Amino acid sequence: MKITLNRINDDFLFECTNAQGNSILLDNTTQPGAKGVSPMESVLMAVAGCSGIDVVSILKKQRQEITGFKAEVEGERIAVDDAKPFRSMKVKFFLEGNIDPKKAYKAAQLSFEKYCSVSKTLEPNVEIGYEIFVNGEITEA
């Protein structure tokens with residue numbers, strides 16, 4: 001796996017491109033007029049995307065009918081010398097459709113405990129919690 005990062009203006013705007021030619025923009029979002037996401041926001045996006053792919057894949061294999069899917073991720077950061085790494089993250093999944101809530105919860109549990117490479121990479125240093133809402137109702141194990 002390899003990406004390429006190219007600076008595309010005189011400030012902090014970068015284009016990151018993967019081997020297939022797909023790209024995202026990264027920027028210093030503390031500056032006015034930022035045109036991309038911050039690198040730390042991209043980490044939150046990666047957790048949401050990775051676990052989202054897992055959850056949808058697992059539920060599709062179980063023939064659950066997903067008509068809507070959204071995720072929100074909030075990260076709490078701490079000061080460590082001059083850096084501010086994540087201490088914790090909370091992922092909330094919002095699913096709509098003909099979905100068994102227990103299957104949805106189990107899919108998320110499998111993602112975070114077994115499949116999601118992004119959260120497994122962060123796991124030694126970042127506590128990641130999650131909540132699942134199916135048709136507006138929170139689910140439990």
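**Terms and their grounds**

Modeller: Let us begin with lysine 90, which has a relative accessibility of 35% and counts as partly exposed. The model is a predicted one.

Colleague: Why is lysine 90 called partly exposed?

Modeller: Buried requires under 20% relative accessible area and exposed requires over 50%, with partly exposed in between. Lysine 90 stands at 35%, so the intermediate term applies.

Colleague: What makes the pair of glutamate 131 and lysine 90 a salt bridge?

Modeller: The criterion is a side-chain nitrogen of Lys or Arg within 4 Å of a carboxyl oxygen of Asp or Glu. The closest N and O atoms of glutamate 131 and lysine 90 are 3.8 Å apart, so the pair qualifies.

Colleague: How many salt bridges does the structure hold, and which others can you name?

Modeller: There are 4 in the structure. Among them is the bridge between lysine 70 and glutamate 72, with an N to O distance of 3.5 Å. Another joins glutamate 123 to lysine 120, where the closest N and O atoms lie 3.3 Å apart. Both distances fall within the 4 Å limit, so both pairs are salt bridges.

Colleague: Are the residues of those two pairs buried, exposed or partly exposed?

Modeller: Lysine 70 has 46% relative accessibility and glutamate 72 has 35%. For glutamate 123 the value is 41%, and for lysine 120 it is 32%. Each value lies between 20% and 50%, so partly exposed is the term for these residues.

Colleague: Why is glutamine 64 called buried?

Modeller: Its relative accessible area is 13%, which is under the 20% limit, so glutamine 64 counts as buried. Glutamine 64 is situated in the loop between helix H1 (39-61) and strand S4 (65-77). Leaving aside residues up to four places away in sequence, glutamine 64 touches Leu59, Asn98, Ile99, Asp100 and Lys103.

Colleague: What part of the protein counts as buried?

Modeller: The figure is 32% of the 141 residues.

Colleague: What makes aspartate 81 exposed, whereas asparagine 135 is called partly exposed?

Modeller: Aspartate 81 has 76% relative accessibility, over the 50% limit, and therefore counts as exposed. Asparagine 135 has 39%, so the term partly exposed applies to asparagine 135. Aspartate 81 lies in the loop between S4 and S5, and asparagine 135 in the loop between S6 and strand S7 (137-138). Neither is a glycine, yet phi is positive in aspartate 81, at about 55°, and in asparagine 135, at about 50°.

Colleague: Which residues touch the most other members of the largest nonpolar core?

Modeller: They are Met89, Val91, Phe93 and Ile132, in a core of 24 residues. H1, S5, helix H2 (101-115) and S6 each supply at least two residues, and H1 gives the most, with 6. In soluble globular proteins, nonpolar side chains tend to be buried together.

Colleague: What does isoleucine 132 touch?

Modeller: Not counting residues up to four places away in sequence, isoleucine 132 touches Phe93, Leu95, Ala104, Tyr105, Ala108, Glu137, Ile138 and Thr139.

Colleague: Where is isoleucine 128, and which residues does it touch?

Modeller: Isoleucine 128 is in strand S6. With residues up to four places away in sequence set aside, isoleucine 128 touches Met89, Val91, Phe112, Ser119 and Leu122. The C-alpha atoms of isoleucine 128 and glutamate 96 are separated by 23 Å, the two residues being 32 apart along the chain.

Methods:
Residues numbered from 1 in each chain as written. Predicted model: local features only at pLDDT ≥ 70, side-chain atom pairs only at ≥ 80, totals over all residues. Heavy atoms only, no water. Buried < 20%, exposed > 50% of the residue type's maximum accessible area, 1.4 Å probe, protein only. Helix = DSSP H or I, 4+ residues; strand = E, 2+ residues; numbered from the N terminus. Contact = heavy atoms within 4.5 Å. Core = buried A, V, L, I, M, F, W, Y, C linked by side-chain atoms within 4.5 Å.
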